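Subject: Structure for you to look at

Hi,

Here is the structure I promised to pass on. Have a look at it first, then read my notes below.

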Amino acid sequence: MTLWLTVLLPLGGAALLALVGGRLGPRAHGAIGTGSVALSFGAVLSMTTAGAGPDLRATLGPWLPLPGADLALAVDRTGLPLALMVTGVSALIALYSIGYLARDAGTQRYFAALDLFVAAMLLIVLGANLAVLFAGWELVGLCSYLLIGHRRERPAAAAAAIKAFVVNRVGDAAFLIGLLAILADRHTLAIESLGPLSGAVSALLLAGAVAKSAQFPLHIWLPDAMEGPTPVSALIHAATMVTAGVVLLLRLGSSLAPEVLGAAAAVGALTALGAALVALAETDLKRVLAWSTISQIGLMFVGAGLGAVFAAVFHLVAHAFFKATLFLGAGSVMHATGDEQDVRRLGGLAARLRWTTAAFAAGALGLAAVPPASGFFSKEAIAAAALDRPWLLAAILLTGALSALYAARLFTLVFLVPAGSPASAAAHESSRVMLVPLGALGLA
């Protein structure tokens, strides 16, 4: 039952907040939301320390009247590290949210959606069959809509939530058609029983992954998703939704057609390079990080497409930590400057926000792949997998150089140049409940 507890704990937190949260205050909302995810992390950690292997499986019972569609979870070779990442990073983001949303009137629905988001992502990571995985797949889409549009009184936030929902429906439709084709041909939805899939079915699954992970040409929803609260941006970009497509490729990689995996690598390389170029010119603090995420996910697609599972998983986990650090650091900057996001109006914050500066610098070093940051080793592993593909290797190396350049530009404009506005000149450090998770992620 420990395996199911990892999902049921955040799911229970979401249900509790939805049913009785209206009788509780913001502090209780934050405590339930954070505590349930932290307990889920503890459950995953207990499996890790107990030496859980790839044969671990837990079935609650039948679900759909289809072969291989039980309510079942299983740990495969990528499951444990990814589950640790999802729950651990999400717990720190939830803790940070308590301080960031201290004056927000909608903490009940925020933390309920956050907990459901984490439970849904765990279904994608640990689902033993495509039915359970697809349920998680659809739920993360729903939760992204709720969280991106959290401040629904703002037209831009409402529009961004709808855009994310609609664009992802394109990929979800392709995924569902592929799933039905698998059922018709193989008469099972059990992942371990799929075997080699045809090029057409593999392409449909890839289309689903491309939309969910915001790869070209279905990347257009992610920059607008910055209209959500900054902790939501950290959650979507670091621990949950946009990594779902990569997880799908990793979990089904042995079954996908080789030509489709090659196409995934090509799409990832082009997306990584193009998004890095846009990030270099962007002036909105959060949008720089959004384009950076699109670029870094592209590198993971390259690793997954080349069959370099370890390299892709390594970079996925490393990216989760340094990108969560950067987004929460950006949130601390905005919290200190009256929600200022234009990097041309920031500056001079290194002397005023020392803890935030140090954490943001650690995240920027990971993004720039400066050793000994984990980002250096994960990107090196992906580059090593592409040594026999010259154009892919060139795209990876150029993306890495551009990443270092825009990371250095962003840090300089936000923290080192003279203050560009009165709000920046009068900035103050964030509260301890925000700095503790920010520091923990920076150290990781």
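Let's start with S144, which is buried, as its relative accessible area is 1%. Here buried means under 20% relative accessible area, exposed means over 50%, and partly exposed is in between (1.4 Å probe, protein chains only). Keep in mind that this is a predicted model, where local features need pLDDT of at least 70 and side-chain atom pairs count only at pLDDT 80 or more, while totals for chains, interfaces and linings use all residues. Residues are numbered from 1 along each chain as its sequence is written, and side-chain values use heavy atoms, with hydrogens and water left out.

Back to S144: you'll find this residue in helix α5. Helices (H or I, at least four residues) and strands (E, at least two) are DSSP runs, numbered from the N terminus. Between S144 and A225 there are 8.7 Å in space, C-alpha to C-alpha, although they are 81 residues apart in sequence.

Is Y145 buried or partly exposed? Y145 is partly exposed, because its relative accessible area is 34%. Y145 belongs to a nonpolar surface patch of about 480 Å², together with L142, L146, I162, F165 and V166. Two elements each give two or more residues to that nonpolar patch: α5 (130-148) and α6 (155-186). Patches take residues with over 30% relative accessible area and no salt bridge; like charges are joined within 9 Å, and nonpolar side chains (Val, Leu, Ile, Met, Phe, Trp, Tyr) within 5 Å. The accessible areas come from the Shrake-Rupley method with a 1.4 Å probe, and for residues only the protein chains shown count as cover.

Now the charges. Side chains of opposite charge can pair when their charged atoms come close. A salt bridge is a side-chain nitrogen of Lys or Arg within 4 Å of a carboxyl oxygen of Asp or Glu, and the structure holds eleven of them. One of these joins R169 and E138, with 3.6 Å between the closest N and O atoms. R169 lies in helix α6 and E138 in helix α5, so this pair ties together parts that are 31 residues apart in sequence. R169 is partly exposed at 23% relative accessible area, and E138 is partly exposed too, at 27%.

Another salt bridge links E340 to R345, the closest N and O atoms being 3.2 Å apart. E340 is buried, with a relative accessible area of 17%, whereas R345 counts as partly exposed at 38%. There is also a network: salt bridges that share partners join E138, R169, D172 and K212.

Last, the helix packing. Two packed helices are described by the angle between their axes and the distance between the axes. Axes are lines fitted to C-alpha atoms, for helices over the stretch in contact, and angles run from 0 to 180 degrees between N-to-C directions.

How do α3 and α18 run relative to each other? Helix α3 (residues 79-100) packs with α18 at an angle of about 155 degrees, their axes being 7 Å apart. The two are therefore roughly antiparallel to each other; under 35 degrees counts as roughly parallel, over 145 as roughly antiparallel, 65 to 115 as roughly perpendicular and the rest as oblique.

Helix α13 (residues 309-336) also meets α18 (residues 432-443): their axes come within 8 Å and cross at roughly 150 degrees. So α13 and α18 are roughly antiparallel to each other.

Cheers
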